[in-house]
Amino acid sequence: MKRKKDLESVLAFLEKCEQEEDVIRRPYEVCVDCREVATLGQMMRSNHEGHTFVFQDIDHSGVSEWIKCLKWVLEKK
């Protein structure tokens, strides 16, 4: 049950990022572990060593793909 709640929490965070961020004006990256958002290339990776990063720009839909995958996983549980 805890895993499902963890997945739902990550999903909610990523959906919020997708809704609130303007990927055209400001490509961004997300630290999934810390639930932090930064302009693409600005996140201090040394502060997030070993964490999972996802990025979204006009050529790459990483956040959107994670959302699709998490929804699929949650539907199968």
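## Sheet

Two strands count as paired if DSSP finds at least two bridges between them. In this predicted model, four strands make up an open sheet with antiparallel pairing, ordered β2-β1-β3-β4. Its edge strands, β2 (36–39) and β4 (60–61), each pair on one side only.

Strand β1 (residues 28–31) is joined to strand β3 (residues 53–57) by four bridges, and the two run antiparallel. Within this pairing, Phe55 in β3 stands opposite Glu29. Four bridges also connect β1 to β2, again antiparallel. Here Cys31 has Glu36 in β2 as its bridge partner. β1 and β2 form a hairpin, with four residues between them. In the turn, Arg35 has a positive phi of about 60 degrees.

## Helices

Helix α1 (residues 2–20) lies across β1 and β2 and runs at about 165 degrees to β1. Helix α2 (residues 62–76) lies across β1, β3 and β4, running at about 120 degrees to β3.

In soluble globular proteins, nonpolar side chains tend to be buried together. The largest nonpolar core in the model has 14 residues, of which Leu14, Tyr28, Val30 and Val63 touch the most other members. Two or more residues come from each of α1, β1 and α2. The most are given by α1, with five residues.

Which residues is Tyr28 in contact with, leaving aside its neighbours within four places in sequence? The list comprises Cys17, Glu18, Glu21, Val23, Val37, Ala38, Thr39, Leu40, Val54, Phe55, Gln56 and Val63. Val63, named here as a contact of Tyr28, is also one of the core residues that touch the most other members.

Notes. Residues numbered from 1 in each chain as written. Predicted model: local features only at pLDDT ≥ 70, side-chain atom pairs only at ≥ 80, totals over all residues. Heavy atoms only, no water. Contact = heavy atoms within 4.5 Å. Axes fitted to C-alpha atoms, helices over the stretch in contact; angles between N-to-C directions. Core = buried A, V, L, I, M, F, W, Y, C linked by side-chain atoms within 4.5 Å. Buried < 20%, exposed > 50% of the residue type's maximum accessible area, 1.4 Å probe, protein only.
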